[in-house]
Amino acid sequence: MTISAEKEAMILRLYHVERWRCGTIATQLHCHHTTVFRVLKEAGLPRHRPVIRPAEIDQYLPFVQRTLETYPDLTASRLYGMVQERGYKGSSSHFRHMIALHRPRKAAEAFLRLRTLPGEQGQVDWAHFGHIEIGKARRPLMAFVMVLSYSRDIYLRFFLDARMENFLRGHAGAFNAWNGLPRVLLYDNLKSAVLERHGDAIRFHPTLLAFAGHYRFEPRPVAVARGNEKGRVERAIRHIREAFFIARKFKDLDDLNAQAEQWCRNQAADRPCPEDRTMTVRQVFAQEQPMLLPLPTNPYPIEEQIAAKVGKTPYVRFDLNDYSVPHTHVRRTLTVRADLAQVRIFDAATMIASHRRSYDRGQQIEDPRHLKALVAVKREARQHRGLNSLTRAVPACQKLMIHAAERGANIGAITNAMLKLLDLYGATELQAAVEDALQAGASHSRSVHVALERRRIARGAPPPVETRLPEHVRKKDTVVQPHKLDRYDQLTCAGNDDE
């Protein structure tokens, strides 16, 4: 592009005198930047370079590098505070950017591909899948996942918590589904497997050790922060989330587990095996199954067992709900044993109650026989209390009740009727009326009532009016037996002796 001599002179002046950049000159003079480069080159004058000023952080970089060599994981915010105390005035964002450039990097770690023999190893883990609402209860939805490392066959079962009993139930379910078990099971350092760990010193959960001894497999925890050592079960959990659980609809936990079992035996088993893409997981598992350890003849007993104290009411609290027991076992400590479907309650070795298990909250699961027996005892107790009160106030009533019992009358009904007559007419009148009825050979409350009315009319007294008073008012005239006061003198003397 040809330009005028005047514009060439302006380019040279702006570049060498005003120190404009070539791009700025091309923009302001409306010409191409290559034209500016050509004019400067043909002029034969040296190109000036921008002056690079030392950055403020440069004088602090040696200190930062020394600090990072000693403490490579020290945060940029802490380093920024340290250099501020030493006079640095720059912004924190620029400082963080520079620290990212100078922080020492760890060398990338290479991993070996881990291969196993058929029937040699399985991997186990829990996975959280949100929550499920059961009545008033909101419970966690936990997935127990076990994978055979050789064939990649998956066992999946959902539970409402990740406690030890469900952990063992998941194991037993996988062993039964495969009709065998691997020789080694890998775990991460979850509390159901490892109680304590210091380096290579590991203290296993005693319940898991007993379970492993029964089925004869070796529990083996992976190294701390080494998720790659059980990557097969981690990938299986990711596959479950993406291929099974997402957009899954189910009515309840049983329905979800039925769908999970069908998925494991069909879609999951028909996927290509990662070790040999020409075969499916089902085909590789058929080769691996004869290599698994055989199951023992007797299954391991898996039950939740707790000691529960019964209060004044005949109920035992277990897993957010109350279960009824016979009233004869109140104020005692009983043993509760529960599986997924049933709750059994024992007094020593004797089972005293059995209920269906509820996963709701705040429910009372009752056996009608327990409540019926309690009501009968309470009714009998009330009858005895009423009869005792009646015979103390009106001694003649004792003979009346004996005659009524001999003829097979309802003692409870007669007692209630006589107590009402006692409240209406008083003890003196009732005593005289009962004696009149006994002399006439009658032993029923109606005969006593007739005698009372006859005596009232003979006296010319008005009919009695029934008044309903609270029990504490009706018992205000109860005779209280006085205690001897010399005991207080003994206490006073004992206190003086202590002084």
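Select Trp126 and Phe167: both are buried. Buried means under 20% relative accessible area, exposed means over 50%, and partly exposed lies in between (1.4 Å probe, protein chains only).

This is a predicted model, in which local features need pLDDT of at least 70, side-chain atom pairs count only at pLDDT 80 or more, and totals for chains, interfaces and linings use all residues. Residues are numbered from 1 along each chain as its sequence is written, and side-chain values use heavy atoms, with hydrogens and water left out.

**Stop 1: aromatic rings**

Stay on the opening pair. Rings of Phe, Tyr and Trp (its six-membered ring) pair if their centres lie within 6.5 Å; planes under 30 degrees apart count as stacked, over 60 as edge-to-face, and the rest as tilted. By this rule there are 23 aromatic pairs. Tyr88 and Phe95 form a tilted pair, because their planes stand at 50°, with the ring centres 5.7 Å apart. Tyr88 and Phe95 are both buried. The pair of Trp126 and Phe167 is tilted as well, at 6.1 Å centre to centre and 35° between the planes. This pair links distant parts of the chain: Trp126 sits in strand β1 (residues 121-134) and Phe167 in helix α7, 41 residues apart. Helices (H or I, at least four residues) and strands (E, at least two) are DSSP runs, numbered from the N terminus.

Now widen the selection to Trp126, Phe144, Tyr155, Phe159, Phe167 and Tyr187. Ring pairs link these residues into a cluster.

**Stop 2: charges over rings**

Select Arg241 and Phe129. Arg241 lies over the face of Phe129, 4.4 Å from the ring centre. The rule: NZ of Lys or CZ of Arg is within 6 Å of the ring centre and within 35 degrees of the ring normal. Next, pick Arg337, which lies over the face of Phe346, also at 4.4 Å from the ring centre.

**Stop 3: salt bridges at Glu275**

A salt bridge is a side-chain nitrogen of Lys or Arg within 4 Å of a carboxyl oxygen of Asp or Glu. The count comes to 21 salt bridges. Which residue meets the side chain of Glu275 at 2.8 Å, N to O? Select Arg152: the two form a salt bridge. The pair links distant parts of the chain, 123 residues apart: Glu275 in the loop between β8 (272-273) and β9 (276-280), Arg152 in the loop between β2 (137-148) and β3 (154-159). Glu275 is partly exposed at 31% relative accessible area, whereas Arg152 is buried at 8%.

Glu275 lies in the loop between β8 and β9 and Arg232 in helix α9 (residues 231-245), so the pair ties together parts 43 residues apart in sequence. Arg232 counts as buried, at 9% relative accessibility.

**Stop 4: a salt-bridge network**

Go to Arg163 and Glu304. They form a salt bridge, with the closest N and O atoms 3.3 Å apart. Arg163 is in the loop between β3 and α7 (164-178), and Glu304 is in strand β10 (residues 304-309), 141 residues apart. Arg163 is partly exposed at 38%; Glu304 is buried at 6%. Extend to Arg139, Asp161, Arg169, Asp319 and Arg357, which are linked with Arg163 and Glu304 in a network of salt bridges.

**Stop 5: Asp436**

Finish in helix α15 (residues 427-439), where Asp436 sits. Asp436 is partly exposed, at 30% relative accessibility. Leaving aside neighbours within four places in sequence, Asp436 is in contact (heavy atoms within 4.5 Å) with Ala451 and Arg455. Asp436 and Ser447 are 11 residues apart in sequence and 9.1 Å apart in space, C-alpha to C-alpha.
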